[in-house]
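This report is meant for a reader who is meeting the structure for the first time.

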Amino acid sequence: METFTLVSMSILLGVLVRWGVSFNSYSGAGKPPMFGDYEAQRHWQEVTYNLPIQEWYFNTTDNDLNYWGLDYPPLTAFHSLLCAHVAKLINPEWVKLLGSRGYESPAHKLFMRATVLAADLLVYIPAVVLYCCNLTNGSTNKKVGTLLCILLYPGLILIDYGHFQYNGLSLGLTLWGVLGLGLGWDALGSLAFSLALNYKQMELYHALPFFCYLLGKCARQGLTGRGLFSLVKIAVTVLVTFALCWLPFLSNPEQALQVLRRIFPVARGLFEDKVANAWCSLNVLIKIRSILSSDSQFYLSFTVTLLAITPSSLKLLKTPTFWQFKLALVNSSLAFFLFSYQVHEKSILLAALPVCLLLNDLPLVAIYFLQVSTFSMLPLLLKDGLLMPYAVTSLAFLVFSTHLLSALERCTEAQLRLEGYHRLAAWLPACLPRLDLARIIRRKFYTSLLLMVGLSVASVALPPPAGLPDLFPVLVSTFSFLHFLGTFIYFNIVQLSTPQGKQKTM
């Protein structure tokens with residue numbers, strides 16, 4: 001009964017914070033002609049409700065793809081259609097074809113916010129609860145503390161309930177996939193992750209760890225007996241799930257190809273805005289987009305991303321434990337965010353999810369990363385008028401997480417799992433000096449917090465120099481990139497240096 005009460009209170013607090021943020025501004029509010037992501041989600045409801053499915057992804061008189069055309073997989077479109085049916089029952093004006101563009105009213109805002117919360121209550125929050133109760137080590141208080149910290153992660157709350165998106169739905173489906181694999185329900189886990197992929201194509205950031213873990217596990221069981229049966233069952237589950245999601249588009253090859261062209265828009269370029277990845281940061285010094293052709297940029301990013309994810313994936317394939325799987329999810333998603341093609345600042349949420357799953361194992365590093373991940377989206381949040389929610393939720397998360405998870409006390413080198421660095425230093429004394437890494441990480445944590453506060457205040461209070469209008473967004477993205485790169489190196493060291501006999505099961 002006590003556990004149920006604590007879990008219920010954590011869920012209630014998470015819901016209240018979400019609903020509190022939802023009363024603030026949103027992307028593109030009152031800013032015609034394109035408005036913002038809020039209008040994009042509303043427009044997809046309009047399109048899917050009023051047009052035949054064959055026209056959803058095509059440019060027509062009634063569907064101008066230059067005005068927030070659908071560019072996500074079919075499950076997103078079906079979700080929009082479901083929301084549209086509810087909207088039609090409440091107020092037909094909300095989804096009126098061509099006549100509802102830019103529709104803004106308090107009642108509609110309440111409806112749209114409620115659809116995000118409903119998705120969280122049905123998909124994301126139950127998955128978090130089950131993960132923390134079943135796949136997290138420690139006392140009941142520690143599990144509930146981890147649950148509350150995950151639910152209070154500000155990055156996801158600010159983007160879904162402030163900026164306005166449905167990231168909780170795709171991340172929730174992915175978490176159901178993780179939960180399935182962690183509990184040994186590999187086919188159900190594969191089903192859930194296949195649904196996540198069919199909701200948002202960016203879930204490809206997590207695809208290779210799922211593939212390598214399941215393949216490695218089946219190989220260990222023997223690919224001529226039980227392992228082969230498991231592999232076939234998983235493959236059939238994935239193929240049937242994809243076939244059902246894509247069924248309306250498979251009758252005509254051109255339909256399917258058009259959907260693929262929309263969800264993988266290579267022509268958009270290497271990166272957008274001031275995103276905290278390698279290419280945007282390097283572009284400050286070397287104008288990559290001016291030097292290289294679009295094709296060369298694509299092949300360069302593909303090659304570097306492939307090289308970055310290979311060590312982690314091979315380690316997981318060889319040692320398919322759940323601990324290795326969680327670390328590989330972090331390393332794969334960070335590699336994609338740092339080095340892949342056409343990355344948005346909001347894509348850092350894909351790396352934040354697996355880091356949240358390590359809050360109980362590596363609290364200081366996880367909290368450190370999650371704070372920086374929220375900070376990296378500061379220019380977008382300021383553009384949407386979300387300064388106060390950003391400040392309040394970031395501070396609340398920092399206070400709750402460091403206290404509930406004893407993060408500042410659990411940061412010895414053994415607890416940070418940095419023994420591997422010292423083994424490497426012993427082999428390569430000329431290249432790697434012996435360092436007190438635990439002390440260095442603690443000092444960096446405090447220093448980074450101060451710098452994030454300083455840059456946040458400067459971004460709001462100080463006008464940029466006349467010749468450098470993007471100074472503060474560039475400083476934010478470069479600062480965040482360096483931290484993400486350091487986190488990527490750290491988690492690779494932890495994963496690759498874990499001895500075979502010391503694998504964690506949870």
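## Surface and charge

In this predicted model, the chain exposes about 21500 Å², and 69% of that area is supplied by carbon and sulfur atoms.

## Overall build

The chain contains 22 helices and zero strands. Its radius of gyration is 23 Å, close to the 23 Å that the globule rule gives for 506 residues, so the chain is as compact as a globular protein of that length. Taken along the principal axes, the box filled by the C-alpha atoms is roughly 70 × 65 × 60 Å.

Of the 506 residues in the chain, 55% are buried. When contacts between residues at least 6 apart in sequence are considered, 77% of them join residues that are at least 24 apart.

## Helix α7

Helix α7 covers residues 167-182, and at 1.5 Å a residue its 16 residues should span 22 Å, which agrees with the 22 Å that separates its end C-alpha atoms. Because 14 of its 16 residues are buried, α7 is largely enclosed by the rest of the structure. After α7 comes G184, a residue whose phi is positive, near 85 degrees.

## Y199 in helix α8

Y199 belongs to helix α8, which is made of residues 186-199. Its relative accessibility is 3%, and since buried means under 20%, Y199 counts as buried.

Which residues does Y199 touch, if those up to four places away in sequence are not counted? They are Y72, P73, L75, T76, H79, Y166, L169 and S170. For one of these, L169, the separation from Y199 is 30 residues in sequence, while the two C-alpha atoms are 8.2 Å apart in space.

Is Q371 buried or exposed? With a relative accessibility of 8%, Q371 counts as buried. Leaving aside residues up to four places away in sequence, Q371 touches S394, F397, L398 and M452.

Methods:
Residues numbered from 1 in each chain as written. Predicted model: local features only at pLDDT ≥ 70, side-chain atom pairs only at ≥ 80, totals over all residues. Heavy atoms only, no water. Helix = DSSP H or I, 4+ residues; strand = E, 2+ residues; numbered from the N terminus. Rg over C-alpha atoms; globule rule 2.2 N^0.38 Å. Buried < 20%, exposed > 50% of the residue type's maximum accessible area, 1.4 Å probe, protein only. Contact = heavy atoms within 4.5 Å. Areas by Shrake-Rupley, 256 points an atom, 1.4 Å probe, with all protein chains shown as cover. Expected span 1.5 Å × (residues − 1).
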